[in-house]
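The points are grouped by topic.

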Amino acid sequence: MDSLKYISRDDIDNMDRVPRLKLINALSGFKSANLIGTINTTGVENLAIFSSVFHLGSDPPLLGCILRPKLVPRHTYDNLKATGWYTINHINEEIYQQAHQTSGKYREDISEFNMTDLTSFYSGECEAPYVKEANIRIGLKFLEEHLVQTNNTYMIVGSIEQLMLPADCFEDDGFFDIEKAGTLTISGLDAYHKTKRIDKLDYVRVDKSVKREE
């Protein structure tokens, strides 16, 4: 890059809402691209796109996600709190347009599965619906929530209870190749990307320099 543009906090605060949203949402880098599936207590399924799912720990196996303030109805939040279950489904190239459509503000009595022609199915153990067209599917139990007081968002903590993964994406050393599974990533609010691995490095030891794996 030949030149950098300096932007101060005052500049950010004085931006119009939409340009500010687009800029700030891009700054964290490439984000996860997932559909969260839930069902309410009357049997209406819900499906919503999220780019805020993140790793919290492997023992016990936990995932976190951020839900926006409850200034308007938040069906995902209400459903997972009511039932205790939800699913996380990786978005792939075949379904990213349908996935994006789930960001619309549908009424509680309307299922995004029906509006996007995505297919729900149930494993029997997990009470929330999975996305059949997703290659990576994760069933979770709700554990806890934490209010981020600065902006009234909620961090949701879930326990991984069930996995459905492509068998050919496991490597001999235990590495699970989500790129091979077709998982996409998101930048900003609405840009979808494929990934390309540039390297896979050795486990770091302080007495040896990092090198490529052969």
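Cys126 is buried, because its relative accessible area of 2% is under the 20% cut-off. Cys169 also has 2% relative accessibility, so Cys169 counts as buried. The model is a predicted one.

**Cysteines**
- Across the whole structure, the search for disulfides returns zero.
- Cys126 takes part in no disulfide, and the nearest cysteine sulfur belongs to Cys65, 14 Å away.

- Strand β4 covers residues 53-58 and strand β5 covers residues 61-67.
- The two strands β4 and β5 are antiparallel and pair over five bridges.
- Val53 has Cys65, in β5, as its bridge partner.

**Open sheet β1-β11-β12**
- An open sheet is built from three strands, ordered β1-β11-β12, with antiparallel pairing.
- At the edges of this sheet are β1 (31-32) and β12 (191-193), each of which pairs on one side only.
- Strand β11, residues 185-187, is joined to β12 by three bridges, and the two run antiparallel.
- Ile186 has Tyr192 of β12 as its bridge partner.

**Background on sheets**
- Backbone hydrogen bonds pair the strands of a sheet, in a parallel or an antiparallel sense.

Notes. Residues are numbered from 1 along each chain as its sequence is written. This is a predicted model: local features need pLDDT of at least 70, side-chain atom pairs count only at pLDDT 80 or more; totals for chains, interfaces and linings use all residues. Side-chain values use heavy atoms; hydrogens and water are left out. A disulfide is a pair of cysteine sulfur atoms within 2.5 Å. Buried means under 20% relative accessible area, exposed over 50%, partly exposed in between (1.4 Å probe, protein chains only). Two strands pair if DSSP finds at least two bridges between them. Helices (H or I, at least four residues) and strands (E, at least two) are DSSP runs, numbered from the N terminus.
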